[in-house]
Structure formats: structure tokens, C-alpha cells
Amino acid sequence: MLKRKLLAATIAASLCGASQAAVDINGFASIKGGMALSSDDELYGYDNDFSFKNESLAALQVKSDLGDKLSVTAQLLGRGTDDWDVKFEWAFLSYDLTDSLRVNAGRLRTPFYKYSDFRDVGYAYDWSRVPQSVYGLGFDNIEGASLYHTTTLGNFDSALQLIVGSYDGDAAIGDATAEAQIDNVTGVAWELGQDGYSFRVAYLIGKTTFYVDPLDTPVTGLYAQLTGFGLGALAKDLDIIDESSSFAGIGFNIDKNDWLLVSEVTKATVDDSFISDQESYYISIGHRFDSITPYVSFEKEDNQAKTEIYAAVPTASPIFTPVAGLVNSLELERDSINVGVRYDFHPSAALKAQYTNADNKTADRKDSVLVVGVDLVF
Amino acid sequence: MLKKLILIPALALSFMAAANVAVIVHPSNAATLSQDDINKLFTGRAKTFTDGKAAEPVNLAEAVAVRADFDQKALGRSSSQMKAYWSKLVFTGKGTPPKELASEQEVLDAVAKNPAAIGYVSAAAVTGSVKVALTLN
């Protein structure tokens, strides 16, 4: 903690020390309160107790223009769920090779989705949160470099981003957290826009390794036990060690005559592992009535368990239950419906309310949550 | 009654004055500008004038009335939509909004001094020290 404070102070001092540099400080914050609507509902970290912490956050961004086309950007962000501990969400150098070509290097946001870059900046979109069915990959940032190219192609504005890097940190796997390492991440994201219409594609690949505590533990872990039974091949089909992984996303949005339509479809896979293939999409439609924007959206998550992994294991075998249980735990079919409204009550702040009902068909349960809050930029 | 009759043309005039926005450049700037060019410069999608020379747009603060007219007429969006647009770019290191000045006089001074500058003021405020590139009605 102290280390972190010292680091922040050092960076602040070095930014201030560059007396020639123009420093821009911007910030954003979301203060949100919400709760699940019946006693045993749980969704997005909410339960039946009203919480102001769960989705609230505040961030400061410092950008220093060092001249000669070089700049440095650092974003410090604190989330209510982390007890407002401030972390460097990203920190990178930018160098403008030309007016239309920029290199960023450092800790960057991985460009999986249309709203990846500013998913924390609630003010930049109408929803109370980005659609979790699609935006739930479990990790957002990457250490690496990206090349960002903007140009016009005929009447279209084109933005092309190439990225390379790696991720080392926690990742969500079902409801559990794993220590994850994703190496050799290579990807491309391309967005074309014209007069209220835009279209986007993204494709990324990498090598994924997940260390999951009760599975990878030597001797007593499931993989070690399978190997001990002479089922090393089955262990290899399950484990997540340097596995080829891919992410593909396609999306569009239309903002025309105050109608707003946006949709994204994504698919993520990790080969030769027990991680299910994850297919998701959402579609959202809204209408801007001056400063009030109501919307409805539908989300679908379809994660299909790789039952073929244990197809050859006899059901009477003592290992059938643990293996099938593990594989099947990542099966999820869930439909969610959101209804919400954004009200721009102030030039720098928007009041939002959103109701979500999620129908988890795999677990046969429905959960609903209501959140109200203010998103602002400063 | 008479008072009302005088008031109506006065109101109409003030509306017209507010409605006309003059996009201004340095007198030495010979570039021709369409509304689309202006839109691109003020949204960061173009960084040069049509003749290839670097452009430095200067904006007015939201407190100045003509800002909302400009956002609506030149950019086709409300000032809060523009703020949402820029927050997407600012918080991703992909762009920086044009510098904002506090008054029309400051915009006139900045444009008169800088051959690369492009700004806007209400049409009635234009002086001889700047060139009107386009008037938005």
C-alpha cells in the first residue's frame, strides 16, 4: 500500500517536474446504489441488501504532453468493491508517428469490445452498465503495445487498432477466480463509421494458462490424481496450460433521428481445456427525447460445456462424478432483459436507473436487480 | 400594445443574431471549408485544413450561448452528446478536445493571432481582424 502511494507520488512529481509539459487532468466517477429485488436473488455482486459500493468508482486521468509528439497517460481508478483502493488501470506512452498513426505502449485496455476502452466511463454511454453477458470475459487490460490508425475511406471514418502483449493476473472462471496468464496476445480491431452508422470487428488470439487452486494442486489436485490413475490424457484435455485461445467479436450501432440501436455478438474459446465455448450477444434500442433517453436491451449467454471430454469415461467410474461435475459447471444459458433510462440533468452528469432480470436456464433461477446512480465526468 | 409590437421585432432580431454562427479563420487562411470539414475538425477526425495545413480548432466554453448553437448546427449534436463523445476519446488516449475559451472576444483574439486557428463566434461579433470561412444559419 505504501509502495503504491510512493509510486503515485513519484509519478505525480515527475509529471509536475516536467515544467514544459502541458498536463491535462480529467476525471470520471460513478456513484451507484442498487439491490436485488427479492431475498434470495443475487446478480452482478448485488444481493438483497442495498449497496452503494458494489458498482461505484472514481478515477483521475493525467495526460502530459511532452512535446515532439510524445505523451504519457496514466489512469488511477478506485472501485468501491476494492474498498476504494486506487490502482493504475492503465499507464502508457503515446507517440504520434504521423497525424493518423499512433503507437501506445504500456498497460492498455484490450480492445475486445466496442465499449472496452471506456466501459468504466458510464457518462459515455446510456446504460447503467455495459451488457455483462457479453462484457464478462473476466479481464480487461494488457501489458503491451498497440498501433492505432485513423483515416477516411471514401465517406467512411476508419479506425484500425493492432495490439500485441500479455496478461498476468486474475481471471474469472465460472464463479471462481483463477490465476491467469495469457501470453502472445495478438489482435486486431477495426471500426468503420459514417454519419451515425458504425460497424466493428475484432479478433484476438493468445496462449492461455490458468492455475485453479483445487485442480492444479500437486499430488492432491484432480489432474495429479487422474495422472496417478493412468488417465494423464484426460488430465491434459481438462487442464489449461498454454492453450490456444481466440476471441471474435462483431458489432454495429446506429444513431439516427434520435433512435439508438446497438448490438454485439462475441465468441471466445480456449482449446484443449474444460473451459466451455462462450457465445454471447446483446441488442439494445433506445430513443433520445432531448435530455431523457429510455432504452430496453436483451442479452444472451450460451456457454456450452465440453461434454465430449468425458464421453468415454464409464459412469460407474469413481472419476466420472468429479470430471463431469467440473466440465458441466461451465455450462450456462442465461437470458437477461434490461429496462432503463438516462437523464442528462446537468452538463457534466447523468442520472440513470436500470432494472435487469436474468433468467438462468441452466440453474433454473431468475434474479433481478435495480440500480440507480449518477455518472459524471470532470 | 405598442410596447409589445416593439418587443416582437426586438426578440426576433435577438433570435436571428443567436442563430447565425460565423466560423472564423486567420485572414491569411485561404482554405475553403464546408460544414462537413468543420465537423471533422471540431470532432478531431481531421487535423488539417483542406489545403493540408495544420489546423488548431478553438472552442467556446459551454457557458457561452453560441456554443450550443454551434454544436447543434455544425456538429448536429447537443452539448452533452459532445461531452459524451469526447469522454470516449479522452479517457482512452485517442483524442483531446479543442481548447475551450471563455468568451467570444478571446476566440476573436486567438484566431486573429494564429494562422492555424479556426474558431466561431456569433455573426454579429465578427470583426475585421478575422476572416469568415462559413456562416451557419
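Helices here are DSSP runs of H or I with at least four residues, strands are E runs of at least two, and both are numbered from the N terminus. This is a predicted model, where local features need pLDDT of at least 70, side-chain atom pairs count only at pLDDT 80 or more, and totals for chains, interfaces and linings use all residues. Residues are numbered from 1 along each chain as its sequence is written, chains are lettered from A and ligands numbered from 1 in the order in which they are written, and side-chain values use heavy atoms, with hydrogens and water left out.

Figure 1. B:Arg67 and B:Asp71 pair up through their side chains at 2.8 Å, N to O; a salt bridge here takes a side-chain nitrogen of Lys or Arg within 4 Å of a carboxyl oxygen of Asp or Glu.

**Figure 2. Where chain B meets chain A.** Here 18 residues of chain B are in contact with 25 residues of chain A, contact being heavy atoms within 4.5 Å. The two chains share 2 salt bridges. In one of them, B:Arg45 reaches A:Asp157, with the closest N and O atoms 2.5 Å apart. Helix H4 (residues 79-90) gives the most to chain B's side of the meeting, with 7 residues. That side is made up of 3 nonpolar, 8 polar and 7 charged residues; Ala, Val, Leu, Ile, Met, Phe, Trp, Tyr, Cys and Pro count as nonpolar, Asp, Glu, Lys and Arg as charged, and the others, Gly among them, as polar.

**Figure 3. Two loops of chain A joined by A:Lys53 and A:Asp83.** The closest N and O atoms of this salt bridge are 2.5 Å apart. A:Lys53 lies in the loop between strands E1 (22-36) and E2 (57-67), and A:Asp83 in the loop between E3 (70-79) and E4 (86-98), so the pair ties together parts 30 residues apart in sequence. A:Lys53 is partly exposed at 40% relative accessibility, while A:Asp83 is exposed at 53%.

**Figure 4. A salt-bridge network in chain A.** A:Asp120 and A:Arg79 meet at 3.2 Å, N to O. They link distant parts of the chain, 41 residues apart: A:Asp120 is in the loop between strands E5 (101-109) and E6 (141-153), A:Arg79 in strand E3. A:Asp120 is buried at 8% relative accessible area, whereas A:Arg79 is partly exposed at 23%. Together with A:Glu89 and A:Arg109, they belong to a network of salt bridges.

Technical notes: Buried < 20%, exposed > 50% of the residue type's maximum accessible area, 1.4 Å probe, protein only.
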